[in-house]
Amino acid sequence: MKYQSQAVAKPYFIAAIGLFIGQIVFGVILGLQYVVGDFLFPEIPFNVARMVHTNLLIVWLLFGFMGAAYYLVPEESETELHSPGLAILMFWIFLVAGALTVLGYLMVPYATLAEMTGNELLPTMGREFLEQPTITKLGIVVVALAFLFNIGMTILKGRKTVVSLVLLIGLVGLAVFFLFSFYNPDNLVKDKYYWWWVVHLWVEGVWELILGSILAFVLIKTTGVDREVIEKWLYVIIAMTLITGIIGTGHHYYWIGAPEYWQWWGSIFSAMEPIPFFMMTVFAFNMVNRRRRNHPNQAAVLWALGTAVMAFLGAGVWGFMHTLSPINYYTHGTQITAAHGHMAFYGAYVMIVITMISYAMPMLRGRDAANSGKSQVIEMWSFWLMTVSMVFITLFLTAAGVLQTYIQRYTDDPQPFMVVQEKIEIFYWMREVAGVVFLIGLVVYATSFFIGGKEPEEA
Amino acid sequence: MNASKEYPPGDLAMWIFILAELLVFALFFAAYAFSRANNVELFNTFQQTLDTDSALINTLALITSSYFVMRAVADIRQNRQVECIRWLLAALSMGAVFLIVKSGEYVHHYSAGINLRTNTFYMFYLSLTFFHFMHVLLGMVILSAITVKTWLGDYSATEHTGVETGASYWHMVDIVWLILFPLVYIMK
C-alpha cells in the first residue's frame, strides 16, 4: 500500500463480501422456491426473496466499486485521499441504510414499508430493482455525492491519469443516471422508458467504464506493461462501449410502446455491444502475454483474465442471443433473460470487484504484494468452483428458456405459463444444485482470507 | 521515415476501432437493403424527394478533404509542420462544408414535417445519414486535435503516428459516405 488513506477501501471490501454471501444465500432460497413454491412461505415469499437477492447484488457491487475507487484513485493520483474520515462516515451511513432497507423488506409487508417510509410524499417504490424506499434512495444520492466529492478532489489535486479519469466518468455517470429512479411518471410507457436509463445505462453503459478502468489498473500493476499501451486500449474500448451501449438502450424499447424505429436502432447497435467486451478479452490476454514481470499475486491475474472471458460470454454472447428484435419477440422475459442476467452480472461486475479485492486486500492487510501460496491455491479453487457452477447455472437456465420459448410461444399449440413451468422443472432442479456449488465456492473464497503463511517471491 | 513504412499506418488500436465502426455501418447497410427489398416502391418514391445536388457537393467536399489529409500526412513525413497544418485546416474546412450542407438538408426535411416515424425509408435515411454526420463531427474533433498537436510541435518526420492515425479515421468517414451516397440517394 503506497498511501495510508487507501486503507479506507478495506471496510468497503469486507462489507461487499459479507453482502455477497447474503445475496447468494437468498439466491439458493429463491432457486428452491422455483420448484418448491411454498418453501419458507409465508416468512420469506418469493417476491421478497427476489428483491433481497437483486438489491443485495447492487448494493454490494456499489460497495465494491467504492472500495475499488478509494484504493485505486490515491495510487493513480499519487496523493493521499482528500478525506479518509468522510469515506469512513459514508461507509457506515451506506451500510446502516442498506441493512435497514433489507430488514424492512424482510420484516414488514412491502406496502407497510412504503407507508412507514413516507413513499406517498415522493412515490418512487414498486419498480423492479428500484424497490428501495425513497428515503434510502435519497441516502444513496447523499453517499454518492460525498463519494464523488472525495474522489474528485483527490484526482484534482494529484496526477491525472486516463485510468482515474475513465473511472471518474463512470462513477459520475452512475450517480447521474440513478437520479432517474426519482422520476416516476403515471404514463407506463414513459415509466419504463426512463426506468431503463437507470438499469440499462448503468450496466451496459457507465458501469462498463468502471469495469474497464479497474481492469486496466490491475493489469498495469500485475503485468508491468507500459501505461501508454494499456491506456490506448482503454480509450478504444470505452469509445466502442458508449457508441453501442447508449443507443443499444433501444433493445429495451421494442415492446413497451416506444416508436418503431427502435426495432432497428436497438437491434443494430445492441448487436454491436459484444465488441467492446471482445476487445477487453483480447486486451487482457495480450497484456498478460506481454508482461514484463511475474507478479506474485497469481490469483488476482486469474480473476482479471476470468473477468475478461466471462464478461464477454455472459454480457456479450448471451446478450447477443436474444437482442435482435425478431428473436426477442419470442424470447422476451423468459429464462433466457435470467441466464444472461446471471452470467453477465457475475462475469462483468462480480468478477471485476473480486479482481480488485484479490489484488488490493493482501496489501490492505499489511503484506507486500500477495497472500501465501496456500491461500492463493484456495482462492483459485473458489474461482473455479464459482465460475464453473455459474457456467452451469447459465446453461441450465438457457435450456429452460429455450424450451419455455418454444412450448409457450413458438409452437402451433402454445401451452399456458404454469404448464410450461412444470415441464421445465428438471432444469430448475439442476440449476439449484449448481447454485449450491456456487455457494460452496463462495464459502471457500471467504475461507481463503483466513489462511496465513509466507508470501511467495516474485518470479 | 521508418514509421511511414509500417503497415498499417497509424495506431493498431485505431484500426480495430475503424473495423468495428465499419461493421456497424455494414449492418446498417444490410438492414437498409433488406428493408428496401421488401418495400421497393416506397423506397423509390421517397428517394426522389432527396436533394442529390447537396449530396453531390458533400461527396466532392469529403473526397477533397481526404486528398488534403493525404497531403498533410505527406508533409509531416517530410518534416514540414507548417504545410501539414495548412492542409489539415483545409481538410477541416471541407468537413465544415459537409456539416453545413447536410444541416441545410435536415432543416428542409424538418420543416416539411418529416421525422423518424414518417416511414421506413425516411427512418433509414435519417438514421444512416445522421449516424454518419456524427462521425464527420468526431473525425473533425480528431483532426483538430492533430492540428493543435502539430502546431505545438509534437509531430515530426520521425514521430507522426498521431497524424496517420487521425488520417486513417478520416478516410474511413469518407469511404462510408462513398457507399452511403449512391446507396441511399441514387440506387434504384
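Student: Which residue follows α5(B), and is its phi positive or negative?
Tutor: B:G113 follows α5(B), and its phi is positive, near 75°. Helices are DSSP runs of H or I with at least four residues, strands runs of E with at least two, numbered from the N terminus. This is a predicted model, where local features need pLDDT of at least 70, side-chain atom pairs count only at pLDDT 80 or more, and totals for chains, interfaces and linings use all residues. Residues are numbered from 1 along each chain as its sequence is written, and chains are lettered from A and ligands numbered from 1 in the order in which they are written.

Student: How do you know that the span of α5(B) agrees with its 31 residues?
Tutor: The expected span is 1.5 Å times one less than the number of residues. For residues 81-111 of chain B that gives 45 Å; the end C-alpha atoms are 45 Å apart, so the two agree.

Student: What does α5(B) pack against?
Tutor: Its buried residues pack against α4 and α6 of chain B. Among them are B:W87, B:F98 and B:K102. Buried means 20 or more other C-beta atoms within 10 Å of the residue's own; exposed means 12 or fewer; partly exposed lies in between; C-beta atoms are placed from the backbone.

Student: Why is B:T64 called partly exposed?
Tutor: B:T64 has 16 C-beta neighbours inside 10 Å, so it counts as partly exposed. B:T64 sits in α4 of chain B, residues 52-77. B:A90 is 26 residues away in sequence, yet 9.2 Å away in space, C-alpha to C-alpha.

Student: How do you know that the radius of gyration of chain A agrees with a compact globule?
Tutor: The radius is taken over C-alpha atoms, and the globule rule is 2.2 Å times the number of residues to the power 0.38. With 459 residues the rule gives a value near 23 Å; chain A has 22 Å, so it agrees. The C-alpha trace of chain A spans about 65 × 45 × 45 Å along its principal axes. Buried residues make up 52% of the chain.

Student: How many helices and strands does chain A have?
Tutor: Chain A has 16 helices and zero strands. Take α6(A), residues 162-178: 17 residues should span 24 Å, and the end C-alpha atoms are 24 Å apart, so this helix agrees too. The buried residues of α6(A) pack against α2, α5, α7 and α8 of chain A.

Student: What makes up the side of chain B that touches chain A?
Tutor: 14 residues of chain B contact 14 of chain A, contact being C-beta atoms, placed from the backbone, within 7 Å. α2(B) gives the most, nine residues.

How values were computed:
Contact = placed C-beta atoms within 7 Å.
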